[in-house]
Amino acid sequence: MTAKSVQQERITNVDALRGFALLGILVVNITAFSSPYYGLGVADPAFAAPLDQAVRFVVAFLFEAKFYLLFSFLFGYSFTLQMASAERAGEAFVPRLLRRQAGLWVIGLAHAVLLFHGDILTTYAVLGMVLLVLRNIEEKTALRLAFWLVVVTALGWAALGALAALDSMSLDAAAVLAEGEATKSAYLGTPGSVIAQHLAELSNVWVVIGLMQGPCALAMFLVGLVAGKRQLFVQLDDYQPLLRRLLAAGMTVGLAGAAFYGWTSVYGIGTGWELPGLAVGLLTAPLLTGAYVALAMLAFQRFRRLPEMLAPAGRMALSNYLFQSLVCSVLFYAYGLRLMGEVPPLGAQLIAVAIFAGQLALSRWWMGRFAYGPLEWLLRAVTVAAWPRWRRDAAPVRQ
């Protein structure tokens, strides 16, 4: 195998890793689409059987708070590729990045208002500006900053849990259940009520983003930035010891922390262990995410067809991410079948698998004919201020 073909294989592996992340994101997000009680701190009263709880535990244990970190890591890694692309084109990087982040923010805002209030794109758009400022940071400083972002975030939630334990006031379960029913009514009402509910929830979701997702995502941006500068996936053979350490840490500390988080968020509801469990989960989730990266690289080396299956979906990850929300909105909201509250957790996960399988096939077909996914093409046009080629045999048209 030539050096060029080896490098192309490594690029395919990065795209495949992004495709794998799409599956994890969908597994978590479809839980929010299918149940109006997700995130409210109470169990869904319609699905409280042991099997329902077991499925929720698996999702919390292996997926929640791990795969958006993987996407964040890949965002930071791709940031270095954007810098290299601007340099090859002989264009200033900052204006290109500003246009790209503005375009991403607009797409994310539309996604949040119309389809899913749990949008991550607007957060990435804002944090990408922070990464722009930090792009020349020394690698050791970047990794230390990433470490402290995660630690301080986890400690903050642990402190909040301690304060809650000292507070004699308990959760008003009846009020929370009523809130869940109101949420369900809004999502099953009309398209207008769906949008109104998204807007109402967006007014509160910024707290979670600012105190949890934002700092942890920025931490993984910085780790991805360092990995990109070191060309981790191009020079993968040189980093086998690192991958083994990541695998060991993730399969021990990472899995233990994730199990504790999963238990407290499913079986420990109402016991006061939820926030301590969240703190432990936040602290250890990056380790399990690192183990997922290591496992994926090992799997891609052993099963050569696996990255070929996943890579097309990863090359159009933005389009696929929004397509997942579109399909789930049609299935569960008033836009279509109104299945929210009607599908048990296992059924929702089977739907997720079916959606992802369809995306793999559609992505392979699309990328065999077109240079970019639909939204990737649009974002590329905004980034370079030109019309990129659409079909693979077409030439770009400059403005």
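A polar contact, as I use the term today, is a pair of N or O atoms within 3.5 Å, where within protein one must be able to donate a hydrogen and the other to accept it, and where residues adjacent in sequence count only if both atoms are side-chain atoms. What we have here is a predicted model, in which local features need pLDDT of at least 70 and side-chain atom pairs count only at pLDDT 80 or more, while totals for chains, interfaces and linings use all residues. Residues are numbered from 1 along each chain as its sequence is written, and side-chain values use heavy atoms, with hydrogens and water left out.

Let me start with Glu 64, which sits in the loop between α2 (50-62) and α3 (67-89), helices being DSSP runs of H or I with at least four residues, numbered from the N terminus. Its side chain and that of Tyr 38 are joined by a polar contact of 3.1 Å. Glu 64 has 10% relative accessibility and therefore counts as buried, the cut-off being under 20% relative accessible area with a 1.4 Å probe and protein chains only. If we leave aside neighbours within four places in sequence, Glu 64 is in contact (heavy atoms within 4.5 Å) with Val 28, Tyr 38, Val 59 and Tyr 261.

Two further buried residues lie within helices. Thr 383 belongs to helix α14 (residues 374-384) and is buried at 1% relative accessibility; beyond four places in sequence, the contacts of Thr 383 are with Gln 82, Arg 96, Arg 99 and Arg 100.

Now to a pair of helices. The axes of α4 (residues 93-114) and α5 (residues 121-133) come within 7 Å and cross at roughly 160°, where axes are lines fitted to C-alpha atoms over the stretch in contact and angles run from 0 to 180 degrees between N-to-C directions. The two helices are therefore roughly antiparallel to each other, a label for angles over 145 degrees. Residues making this contact include Phe 93, Leu 97 and Trp 105 of α4, and Tyr 124, Met 129 and Leu 132 of α5. By class, the contact residues divide into 14 nonpolar, four polar and no charged, with Ala, Val, Leu, Ile, Met, Phe, Trp, Tyr, Cys and Pro taken as nonpolar, Asp, Glu, Lys and Arg as charged, and the others, Gly among them, as polar.

Conventions. Parallel < 35°, antiparallel > 145°, perpendicular 65-115°, else oblique. Buried < 20%, exposed > 50% of the residue type's maximum accessible area, 1.4 Å probe, protein only.
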